[in-house]
Amino acid sequence: MTEQLKMDAPATDRRLDGMAQGLVGAPLDRPEGPLKVTGTATYADEYRIENLAHGMLVRAPGNSGRVRLANREAVAAMPGVLAVIHDPRLLRNPAQGTANKAPVQDPNEAHYLGQPVALVVAESFEQARHAAQSLEIALEGGAPRPVDPETAAYEPQPAKGVDQGDLDDAMAKATHSIDVTYRTPSHSSAPMEPHASIAQWEGEDLTLRGSYQMLKYNRNELADALGIHPDRVRILAPYVGGGFGSKLGLAPEAVAAAIAAKETGRPVSVALTRPQVFETTMRRSETRQRVRLTVDPEGRLTGIGQAALVSNLPGEVFSEPVLQATHFLYAGENRRLSLDLARVHRLCAGSVRAPGEAVGITVLECAMDELAEAAGIDPVELRRRNIPEKDPESGKEFSSRRFREALDSGAEAFGWKDRPATRSRREGEWWIGYGMASAARINVLKESRARVTLAPDGTARVETDMTDIGTGTYAILGQIAGEMLGLPRESVEVVLGDTDLPAAAGSGGSWGASSSGTSVYVACQAIRAQLAQRLGVAETDLTLRDGQAVFDNRTESLAAILNGDEIVKEGHVLPGETSKAVRQATFGAYFVEVAVNGVTGETRVRRMHGSFAAGRILNAKTARSQCLGGMIFGIGMALTEEMAFDDRDGHLANHNLAEYHIPVNADVPQITVELLEERDDWASPLQAKGIGELGICGAAGAIVNAIYNATGVRVRDFPATLDKVLAGL
Amino acid sequence: MRPFDYHRGTGIEDATRAAAQGSFIAGGTNLIDLMKLEVMAPERLVDINRIEELRGIEATDGGGLRIGALVSNTDLANDPRVRRHWPVLSRALLSGATQQLRNKATTGGNLLQRTRCLYFYDRAMPCNKRAPGTGCGAMEGVNRILAVLGTSEHCIATHPSDMAVAMMALGAEVEIVRASGATERLPLDDLYLLPGDTPERETVLAPGDLIAAVILPAPVEGRQAYRKVRDRASYAFALVSVAAVVAVEEGRISRADLAFGGLAPKPWRNRDVEAALVGQSPSEALFDRAADILLEDARGHGDNEFKIPLARRVLKAVLADLTTGAAA
Amino acid sequence: MQTSLTINGTARELDLDPRTSLLDALRHHLGLTGTKKGCDHGQCGACTALVNGRRVNACLSLLCMHDGDEVTTIEGLGQPGALSPMQQAFVEKDGFQCGYCTPGQICSATAMLEEIAQGWPSHVTEDLEAQPELTIEEISERMSGNLCRCSAYPNIVDAIRKAAGETA
Ligand SMILES: Cc1cc2nc3c(=O)[nH]c(=O)nc-3n(C[C@H](O)[C@H](O)[C@H](O)COP(=O)(O)OP(=O)(O)OC[C@H]3O[C@@H](n4cnc5c(N)ncnc54)[C@H](O)[C@@H]3O)c2cc1C
Ligand code: SF4
Ligand code: FES
Ligand code: FES
């Protein structure tokens, strides 16, 4: 039943190119679109289960001390209150992506301000909210905690770094060099759907309707947190209102809902409030990055240094992988990359869209812009000259890399040649400038499973616990199955987001589409083989299209071949040697035109273009949307987004969407995206790589570089809010 | 949100009486926000939305407008008379919040909306305005959006309204019905109190005092502008804003009615600035002098220090805009 | 608190805790979960619905204040199989990804076209007294009360232009 593919060798057969249905790559509408535009797609907190009770989490008002519920009895006696829960199993920290086990639990001691410490459950949402607000949390015996990463103790992360050649020597000898320090603040994923869970027990079996990205991990995390067997847990998440990392691992509301439902004997819904989303789910670590770059007279990099300081709570192993793509993006024999992890009592740091590259490449690309200026070389040309032949550290080949083409094609599409000299073009009050940056993101394949059923009537069903968080999974899995089985898109049903279904890789790390897509591909291959066997032909001689099989100059309908039977196959893909044998990554380039107001320092992005190469594109429409999304995250990163922490107690001051400024429609121009044709045989048999995060990996750098071109002001402290630009105007 | 008693006001008298132990609710876009967080917790809500006398925009005998307290921000911005004769007010309204919020937000509610100070909004934080005597969390904390003028050692909150800034420049008055039934007219400037030792007291209104209307005086000669500087292109509060009505006659400034948002605990008007401009011929040096006067007592608190140079630049740009090419 | 109102053309009677927001009334008590809760504080627009024809944030409104009002939610604009032109355009232009902000965007966009038709100015309207045009800049400004973290903004603008062309 289960067909397995371990990705040990490149898939040079490129079977998808030989298929006849014409679905893969086509810019098809999302099949679930009509549900989403009518409000009939059902998200986690939207199941109106009978007898549903409502829970509201309560936060620690400080960052240290023993937690005491000062007026617990009084709150328990408030109207409608069913329970006040202060259970040692409540999560203290959210789970990191792919943790697969319970994160840090125990609400008895405060470690950061905003940490969940209790749950109040009541008959109605209104009663629960008021009772939760009435619960007084006393913190006893606390002591001052370090909250500022720049002064806190830190731990070097040598495994993330490299020290190759002699950077100091290269700095001393270089024709041109730069040595600059940049800072990026913490970012919040801020998905529009707040994390929410409805927990319901039937005996010892728990069903959780949640808003999560990686259900197979989340199930294990939840079971482990509750101390029960994973078989007893079912998670449903057919629609997820965005995640961007914050829903990779379990968040506190899920465990709280499960405990509350058990204790009250009723289904319980716990939805995070927006401030709780900010405070109790992951932040992207702030970074301080010192970048040193040196070039020879020809503009070839001789040295690259990037020393990053990031932070997290004590005990958390996650350290923002700032250097991830610096390791291979550019040539240069002298390399010193290092990462330090400071321990601070701010809310938990973890994955936010493109952990690592989003900030690491952004800063590297700003530094490259400074180097281009110092060396008197056009920024695009500087990058072109430094594309390494092989991975400059491991010496491995690149699996596929249309980086140079992205630079060239993007520059052409944008009109880069018209870039003004620094601080030279003015339109009324506005300074106009262009900027560019490269894009790079590692590519990963993860274990994934899917079941495909070809029904006797010649329709198919794809089933997996994979999620669609806006990424287009419903669309692309149907397209892959339809392509392989020769079925129109409408004849394929895709069922997602249920842990009772075969376990997928989950949506994260940009690996979702290629991993889950490959599992569908593998299952379909097995179905094709079975069809071929029934017909007595070689599978490779079988053409499937529009529900018909064409072989040996004959045509027969699938229904006839199946003759009343159904074929069920499970596809199972595992990463293998190809992950290690070559360097796999996606590449691209961004080009931006900004206008910076000469009076106020306000920046407007007037034009933005991205050219990207990410292997085979599975759906040109949804892939483009992913790129737009990433680039717009980049606009936020460049101009407005900053989690503002209070240096005295480490609390997040702007925990709301009025003061944590994600871009609004008026901040965003009609961005253009080019997807370059590419096939990556090493990545997967689909020849596809990840695209969900590539769009953010450097984008903000292009904008800040454009601000420099417009005004001559280098902002090295993100975001480039008007006060920082103004300071240099 | 604490439980409350909901009372639908049937008339002004009924409402003011009922609100003696409670709060009026108009659009609710500020009050409900704060009630959900229990930053505000009235025991009784008096819904004034059905009181017809509080609706409508009427011409006054003096050539101005009487704007009912319930007139929505949308209807006020759209009013053809406002668009023609008081464009600074339309512009200010349109730069505020979003269309959805403006559709609900009312004239009275907008004037009385409370500060967006992050510490005021967070009950775990000290705040003299929310909880008198607990201290000011923002003073040495995150205060990018807070005030540099008119503050006290107890509070540096800003008043967040755009509309009120324009009304201040236009010399608007508020018509108040006191809980006692007495009706009064006050210059808008006199409605607001500076924080001093009692940042919890923001206006001269006592419980049950109702704003019935805002009176705009007759339109005056001059050009009008509202310039708002903020962190996003839209849907963000003002860091600095300037409302201006400026006229130039025979090469000299004959009128310079100016008000500022984002700088102070109330919409800010400084007559000395205006006096320094009137009678003078426009020049950069003059505008700098005006800015000097405006910002003489300005004091930043770290994050918000940039507002001082920013206010200068914006004021100068607005004055330059409104005086260049103006009738000689 | 007894409240009578019309929702998507159907008369409804509710007797709820006066603290219940219009949004929670729809979501928790009427099974109309198409109207989304993104922030509950007027900061995102996910809860946008039409009250007496005007778009508002349903989270910053109490149900009890809506006695006698007419409310239209996303469910009232169209259903799968019978999409409104705006809904159809959002599907075709990929004006969404996760879909969570989408009902609010569509309610907002639907109201916005009417507002422009009625000549309402916006912050970016050059001449306050002229009939505003449906430019990209106008659409973007007028749609800025609806956050989309998936960042489908360019596609949302395209969808609105498409729908406007079709309904014009
Ligand atoms: C996310 C967000 C962004 C915003 N951005 C902006 C912005 O950029 N610029 C801006 O100016 N505003 C902005 N606002 C604020 C908005 O303009 C105000 O919330 C609104 O104007 C308040 O009006 P309302 O009728 O809803 O007031 P309500 O919430 O009903 O009332 C506010 C206060 O006024 C009192 N009150 C109301 N009417 C009367 C009356 N007639 N007499 C006596 N007391 C009365 C109430 O008791 C209450 O204390 C924003 C709001 C939000 C939520
Ligand atoms: S500035 Fe005023 S409102 Fe803000 S914390 Fe201080 S006292 Fe409170
Ligand atoms: S939920 Fe109402 S605006 Fe966000
Ligand atoms: S589609 Fe996901 S937030 Fe807009």
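Me: Which conventions apply to the model and its numbering?

Reply: Residues are numbered from 1 along each chain as its sequence is written, while chains are lettered from A and ligands numbered from 1 in the order in which they are written. The model is predicted, local features need pLDDT of at least 70, side-chain atom pairs count only at pLDDT 80 or more, and totals for chains, interfaces and linings use all residues; side-chain values use heavy atoms, with hydrogens and water left out.

Me: How many residues of chain C are in contact with chain A, and what area do the two chains bury?

Reply: The size of an interface is often given as the accessible area lost when the parts come together. Here buried area is the accessible area (1.4 Å probe) that two parts lose on being put together, summed over both, and contact means heavy atoms within 4.5 Å. In this structure 53 residues of chain C are in contact with 58 residues of chain A. Chain C and chain A bury about 4,500 Å² between them, with 57% of it on carbon and sulfur atoms. C:Gln97, C:Arg149 and C:Tyr153 supply 19% of the area that chain C buries against chain A, more than any other three residues.

Me: What are the corresponding values for chain B and chain C?

Reply: Chain B and chain C bury about 3,400 Å² between them, 51% of it on carbon and sulfur atoms. B:Arg83, B:Gln100 and B:Tyr235 supply 20% of the area that chain B buries against chain C, more than any other three residues. In terms of contacts, 43 residues of chain B meet 41 residues of chain C.

Me: How many salt bridges are found over all chains?

Reply: A salt bridge is a side-chain nitrogen of Lys or Arg within 4 Å of a carboxyl oxygen of Asp or Glu. Over all chains, the structure holds 97 salt bridges. One of them pairs the side chains of A:Asp163 and A:Arg336 (3.7 Å, N to O). A:Asp163 lies in strand S8 (residues 162-164) and A:Arg336 in strand S18 (residues 334-343) of chain A, so the pair ties together parts that are 173 residues apart in sequence. Helices (H or I, at least four residues) and strands (E, at least two) are DSSP runs, numbered from the N terminus.

The interface of chain C and chain A has 4 salt bridges; C:Asp94 and A:Arg30 meet in a salt bridge at 2.6 Å, N to O. The interface of chain B and chain C also has 4, and C:Asp67 forms a salt bridge with B:Arg8, the closest N and O atoms being 3.9 Å apart.

Me: Which residues lie nearest the centre of the second largest pocket?

Reply: On a 1 Å grid over the protein atoms alone, a cavity is a set of points where a 1.4 Å probe fits but cannot get out, whereas a pocket is an open set with protein on both sides within 12 Å along at least five of seven lines; lining residues have an atom within 4 Å of a point. Grid points are joined across faces, edges and corners, and a volume is the space filled by probe spheres set on the points.

The second largest pocket has a volume of about 1,300 Å³. Its lining has 34 residues, of which A:Trp430, A:Arg604, C:His123, C:Val124 and C:Glu137 lie nearest the centre. Among the elements that each supply at least two lining residues are strand S28 (585-597) of chain A, helix H12 (307-323) of chain B and helix H5 (136-142) of chain C.

Me: How many cavities does the search find, and which residues are closest to the centre of the largest?

Reply: The search of the whole structure finds 9 cavities of 30 Å³ or more. The largest cavity holds about 110 Å³ of space. Of the 14 residues that line the largest cavity, A:Glu602, A:Thr603, A:Arg604, A:Leu639 and B:Asp231 are the closest to its centre.

Me: Where is the cis peptide bond that involves A:Pro719?

Reply: The cis peptide bond joins A:Phe718 and A:Pro719, with omega about -10°. A:Pro719 is found in the loop between helix H17 (699-711) and helix H18 (722-728) of chain A.
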